[in-house]
Amino acid sequence: MATLTDVEIKKLLNEPSSVTMRPSYEGGNINTAIGFKCDNYLLEAAVLDHFRAVGLGATELYLVHGVNFDVVGVDTRLHTVLTLDDDVLLEVVPKIRETDTEMVFAVSATVQRDGAPKKAVTSKLRVLLRRDTNIDDPAPLPAELERFVVDRLATAEPTELAATPVDDFAGAFHRGEDTDTDPVLAEIIGDDNAVGWKWKIPYYYCHFTERMQMSGYLRQMEEAKHLFVASRGISIKRMLDERGWIPVVTQCKLQFTDEAIMEENLYTVYTVESVFKDMLYTSRLDFHVVRDGKLVKTATGSITHGYCHKETPESEWQMAVFDDEVLRALRGE
């Protein structure tokens with residue numbers, strides 16, 4: 001068992017660190033550009049490395065100290081495109097005040113472009129250490145870290161629900177915008193410019209044998225955009241084939257408001273909130289479960305999308321201007 005020195009604790013909570021990594025090959029979905037989801041994966045990996053550098057990797061935290069490392073919030077801006085073989089310099093700067101009860105890290109991703117460094121991604125990640133009752137007799141963490149240890153990542157106030165949930169197996173895996181078959185979705189969406197679906201949280205979206213993790217929500221955020229545009233007749237493939245428009249993200253935010261448990265039915269709702277200068281649109285993502293007949297929001301966030309022209313090099317992508325068809329689809333007209 002490692003014992004942290006005062007120097008190591010200071011390094012973890014106060015001093016910056018850096019690591020060079022490459023994006024996951026999974027993220028090269030269109031050309032060699034990396035999507036927002038795998039950008040956030042890199043940021044999370046850099047913060048994990050920051051902990052690992054002082055001997056507190058996720059395995060050590062779990063098996064020895066009985067706590068789970070959890071990213072509970074991201075606020076990410078994407079400035080330029082990362083590509084598959086980029087060597088990405090990731091810098092982690094702790095932004096933790098003495099009164100904070102969660103750890104905040106500013107993370108930046110820098111790449112070389114035309115022989116000079118260029119900032120590609122900037123973000124703030126929020127981290128908590130959650131107690132795990134599956135570990136017997138865990139070793140105590142240093143006293144300086146105890147303020148970041150919680151029994152629960154977040155707890156939302158349940159809201160009343162008029163609809164009666166339909167716990168059908170097929171419906172639990174339904175993808176799409178049709179709310180007629182699920183009364184809970186119909187109630188959540190109402191008259192909003194939104195799509196949603198219900199599904200049963202699989203184990204591979206979870207960690208520590210129990211809860212949905214941040215990367216699982218990011219995957220849902222990505223899928224929600226895919227389903228939304230398809231439901232409005234402007235699918236990703238159609239825009240690529242007919243116009244050479246590549247979907248891009250300029251900003252995404254997500255934070256936990258409660259915990260979502262493996263195999264609970266999760267209601268994912270994607271609501272378009274604004275269209276800006278006919279080039280960008282921002283959507284809200286809300287995630288709910290039903291417990292004891294009431295609705296519980298487990299996470300909320302937002303994502304800003306646009307399109308770039310496929311014909312130009314990835315390093316010089318130009319934003320496309322929405323035409324009338326796309327604007328009507330986005331606005332639900």
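Modeller: We begin with pLDDT, the predictor's confidence in each residue, from 0 to 100. In this predicted model the chain has a mean pLDDT of 92, and 93% of its residues reach 70 or more. Over residues 169–178, though, the pLDDT is below 50. That stretch has 21 contacts (heavy atoms within 4.5 Å) in the model beyond near neighbours in sequence. Where pLDDT is low, the predicted coordinates should not be read in detail.

Biologist: Which ground rules apply here?
Modeller: Residues are numbered from 1 along each chain as its sequence is written. Because the model is predicted, local features need pLDDT of at least 70 and side-chain atom pairs count only at pLDDT 80 or more, while totals for chains, interfaces and linings use all residues; side-chain values use heavy atoms, with hydrogens and water left out.

Biologist: How many aromatic pairs are there?
Modeller: A pair of aromatic rings is described by the distance of the centres and the angle of the planes. Rings of Phe, Tyr and Trp (its six-membered ring) pair if their centres lie within 6.5 Å; planes under 30 degrees apart are stacked, over 60 edge-to-face, and the rest tilted. By this rule there are 12 aromatic pairs. One of them is Tyr-217 with Phe-287, edge-to-face at 4.9 Å centre to centre and 70 degrees between the planes.

Biologist: Where do Tyr-217 and Phe-287 sit in the chain?
Modeller: Helices (H or I, at least four residues) and strands (E, at least two) are DSSP runs, numbered from the N terminus. Tyr-217 is in helix 5 (residues 214–231) and Phe-287 in strand 12 (residues 280–291), 70 residues apart, so the pair links distant parts of the chain.

Biologist: Is Tyr-217 buried or exposed?
Modeller: Buried means under 20% relative accessible area, exposed over 50%, and partly exposed in between (1.4 Å probe, protein chains only). Tyr-217 is buried because its relative accessible area is 1%, and Phe-287 counts as buried at 0%.

Biologist: Which residues form an aromatic cluster?
Modeller: Trp-199, Tyr-203, Tyr-204 and Tyr-205 form one. Trp-199 points the same way from strand 7 as Val-195 and Trp-197, and 7 of the 7 residues of this strand (residues 194–200) are buried.

Biologist: Which charge lies over the face of Tyr-205?
Modeller: A charge sits over a ring if NZ of Lys or CZ of Arg is within 6 Å of the ring centre and within 35 degrees of the ring normal. Arg-219 lies over the face of Tyr-205, at 3.9 Å from the ring centre.
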